[in-house]
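Start with the structure below.

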Amino acid sequence: MTGPRDGGGVVITGIGSCLPEAVVTNEEVSRNLDTDHAWIHSRTGIASRHRVASGIETGDLAVTAGAAALKSAGRDGCDLVLLATTTPDRRCPATAPRVAAELGLRVPAFDLAAVCSGFVYGLSVATSMIGAGSCDSVLLIGADVYSSIVDPDDRVTAPLFGDGAGAVLLERGRPDGPGAVLRTELGSDGSGDGLITIPKGGAYLTMDGPEVYKRAVTTMAESARSVAGRVGWDLADIDAFIGHQANIRILKAVAKRLGLPPERVISNIENVGNTAAASIPLALADAAAAGRIKEGDKLLLTAFGGGLTWGSSAVVWTGAEPVHDVRG
Ligand code: UT7
């Protein structure tokens, strides 16, 4: 799919998002738990999250977000579908081929599991594959249905997570023009794999919140600083900081370490909670729809999550209009 957008770099040419219709407030989450809206909101910034209706799976949200991203780019196909998720529809096979098929595509498709860093890991894989000439366009979708792995009786995790999906289309383009993904850096530390996990034989996610919190702040700040430095950006020139939406206090603490003023911190956590692999593309879509990020803006993306995994990306924002849709 080379053409007018060909130009030696990799650019985001479309952005789409999808949220389930049902909204679950803090009051509802707290109904059977020893917690309340005041605690959840003051400690996390979350007021509500979306939850899929019975029978709706990650693949369904991914199809809708993927279709929205293609529409945003004015395209009807791509060369590869990459789905970042930790809640695939089934353990086997991967969900991405089903998503591709429902988008009417018979192209390579695979899942990528890097928990809350999945979207940034996906950016690295997608840009590398386009850069290597393996394909000309990648539909990268981050989608998760954590309501399927969160214990509604666990007050540590139940208030935090929401369901959703976000997607971008990546194509060849000008290396420093609008949409350009300039550089992505990744990391992992598997010695912390027990901090966010579904224990062997278990059904539900467990998390050591305070330890993850501490590591998230230091690691995200280091990773974001590193990628900005490698592309020659002065932190003072960054228009928006878009971190994985796990906790508003984490985002503010990272921004403070980077010397970024609070108004450059983009957050939609209040209305969606932590949507794992969908978190960053959903935040991007919401920020673009609200006019908070504009074509040509310098964006610093950073994520941290289970694995432990992390990653950061320097992106020049695209001029594409975001497309949003609702599913189940
Ligand atoms: O997406 C992957 C990355 N995930 C994250 O980055 C999440 C990182 N962690 C966090 O966001 C926070 O650690 C939490 C939101 C999970 C917890 O907030 P915290 O400020 O770290 O609270 P804490 O766990 O240190 O608990 C403080 C107090 C404790 O009571 P005591 O010991 O001071 O009496 C907890 O038992 O708050 C209590 N507590 C709660 N109270 C009411 C813990 N959870 C709750 C709750 N409601 N839901």
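How far from an oxygen atom of the ligand does a polar side-chain atom of R155 lie? The distance is 3.0 Å. Keep in mind that this is a predicted model.

Two other side chains deserve a look. In H244, a side-chain N or O atom is 3.0 Å from an oxygen atom of the ligand. For R249, the corresponding distance, again from a side-chain N or O atom to a ligand oxygen, is 2.7 Å. The protein buries 72% of the 940 Å² that the ligand exposes when taken alone.

## The shell around the ligand

The ligand has 21 residues around it. Those that come nearest are T35, R43, N247, R249 and N274. By type, the shell divides into 11 nonpolar, 6 polar and 4 charged residues.

Helix α6 supplies the largest share, with 4 residues. Where does the ligand sit relative to the domains? It lies between domain 1 (9-173) and domain 2 (181-318), because both give residues to its shell.

## D144, in strand β6

D144 belongs to strand β6, which spans residues 137-145. Is D144 buried or exposed? Its relative accessibility is 0%, so D144 counts as buried; the cut-off for buried is under 20%.

The side chain of D144 makes polar contacts with two threonine side chains. One is with T85, at 2.9 Å. Another is with T87, at 2.7 Å.

Beyond four places in sequence, D144 touches a set of residues from several stretches of the chain. Among them are T58, L61 and T86. The set also includes G162, D163 and G164, as well as T275, A276, A277 and A278. R174 is 30 residues from D144 along the chain, and their C-alpha atoms are separated by 31 Å.

## D325, in strand β14

D325 lies in strand β14, residues 323-326. Its relative accessibility is 39%, so D325 counts as partly exposed. That class falls between the 20% and 50% cut-offs.

Which residues does D325 contact, leaving aside neighbours within four places in sequence? They are S17, C18, L19 and T64. V120 gives a spatial reference: D325 and V120 are 205 residues apart in sequence, and their C-alpha atoms are 22 Å apart in space.

Definitions and conventions:
Residues numbered from 1 in each chain as written. Predicted model: local features only at pLDDT ≥ 70, side-chain atom pairs only at ≥ 80, totals over all residues. Heavy atoms only, no water. Near = heavy atom within 4 Å. Polar contact = N/O pair within 3.5 Å; in protein donor to acceptor, adjacent residues only side chain to side chain. Areas by Shrake-Rupley, 256 points an atom, 1.4 Å probe, with all protein chains shown as cover. Helix = DSSP H or I, 4+ residues; strand = E, 2+ residues; numbered from the N terminus. Nonpolar A, V, L, I, M, F, W, Y, C, P; charged D, E, K, R; others polar. Domains from an automatic or database assignment. Buried < 20%, exposed > 50% of the residue type's maximum accessible area, 1.4 Å probe, protein only. Contact = heavy atoms within 4.5 Å.
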